[in-house]
Amino acid sequence: MVLSNPTFEVESWRQGPCAVVRAAGELDMAVAPRLRAEVDRVLDAPGRPCLVMDLTQVPFCDSVGLGVLVSALARVRDAQGRLILVVGPGMITHLLTITNLDRYFETRSSLREAYEAAA
């Protein structure tokens with residue numbers, strides 16, 4: 001499923017045991033509910049969740065967007081599942097570091113690495 005507007009896109013698919021959600025564009029309060037809705041949709045599937053979130057095309061994330069990530073992590077942990085963020089160097093990595101959330105999120109630098117880690 002693909003949701004889009006000119007500045008933000010969200011798509012999801014299954015890859016092996018994991019659901020993958022890829023976001024592209026600035027993740028701010030205007031679009032964060034769309035990302036939250038897609039994450040909720042894929043996490044509503046039965047069983048222990050495995051979620052890979054590809055954020056490599058997200059150049060900006062505000063506190064509301066960060067809240068979506070934290071909420072996803074809490075939901076996955078409550079279900080004894082796994083969440084892997086795919087992030088590159090840049091704003092998301094910096095944001096996780098300065099908020100000390102890098103200690104809680106599992107990250108990889110590519111989808112391939114995330115798939116290998118989840119296998």
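A disulfide here is a pair of cysteine sulfur atoms within 2.5 Å. By this rule the model holds one disulfide. This is a predicted model, in which local features need pLDDT of at least 70 and side-chain atom pairs count only at pLDDT 80 or more, while totals for chains, interfaces and linings use all residues. Residues are numbered from 1 along each chain as its sequence is written, and side-chain values use heavy atoms, with hydrogens and water left out.

## The disulfide

C18 is joined to C50, S to S 1.9 Å. The link of C18 and C50 is right-handed, with 45 degrees about the S-S bond. It ties distant parts of the chain: C18 lies in strand β3 (residues 18-25) and C50 in strand β4 (residues 50-57), 32 residues apart. Helices (H or I, at least four residues) and strands (E, at least two) are DSSP runs, numbered from the N terminus.

Are C18 and C50 buried or exposed? Buried means under 20% relative accessible area, exposed over 50%, and partly exposed in between (1.4 Å probe, protein chains only). C18 counts as buried because its relative accessible area is 1%. C50 is buried too, at 15% relative accessibility. Another cysteine, C61, is buried at 3%.

## Strand pairing

Two strands pair if DSSP finds at least two bridges between them.

| Strands | Bridges | Direction |
|---|---|---|
| β2 and β3 | eight | antiparallel |
| β3 and β4 | five | parallel |
| β4 and β5 (residues 82-86) | five | parallel |

V10 has A23 as its bridge partner in β3. R22 is partnered by D54 in β4. L51 is partnered by L83 in β5.

β2 and β3 form a hairpin with two residues between them. G16, in the turn, has a positive phi of about 60 degrees.

β4 is mostly covered, with six of its eight residues buried. From β3, the chain crosses through helix α1 (residues 32-43) to β4, and this β-α-β crossover is right-handed. A crossover is called right-handed if, with the strands pointing away from the viewer, the path from the first strand over the helix to the second runs clockwise. β4, helix α2 (residues 63-78) and β5 make a right-handed β-α-β unit as well.

## Nonpolar cores

In soluble globular proteins, nonpolar side chains tend to be buried together. A nonpolar core is a set of buried Ala, Val, Leu, Ile, Met, Phe, Trp, Tyr and Cys residues joined through side-chain atoms within 4.5 Å.

Which members of the largest core touch the most other members? Of its 31 residues, they are L35, L51, M53 and L83. The elements that give two or more residues to this core are β2 (8-15), β3, α1, β4, α2, β5 and α3. α2 gives the most, with six residues.

M53 shows how these parts meet. Contact means heavy atoms within 4.5 Å. Not counting residues up to four places away in sequence, M53 touches V21, L35, V39, L69, A72, L83, I84, L85 and V86. There is also a second, separate core of 10 residues, which includes V20, I84, A114 and A117.

In helix α3 (residues 91-98), I92, L95 and L96 are buried. They sit on the same side of α3, because they cover an arc of only 95 degrees around the axis. The arc is that of the directions from the helix axis to the C-beta atoms. The buried residues of α3 pack against β4, α2, β5 and β6 (106-108). Just after α3, N100 takes a positive phi of about 65 degrees.

In α4, the buried residues are L111, A114, A117 and A118. They fall within an arc of 125 degrees seen down the axis of α4, so they line one face of the helix. R112 and E116, on the other side of α4, are exposed. The buried residues of α4 pack against β2, β3, β4, β5 and β6.

A119 is found in the segment after α4 (111-118). Is A119 buried or exposed? A119 counts as exposed because its relative accessibility is 85%. A119 and F60 are 59 residues apart in sequence and 30 Å apart in space, C-alpha to C-alpha.
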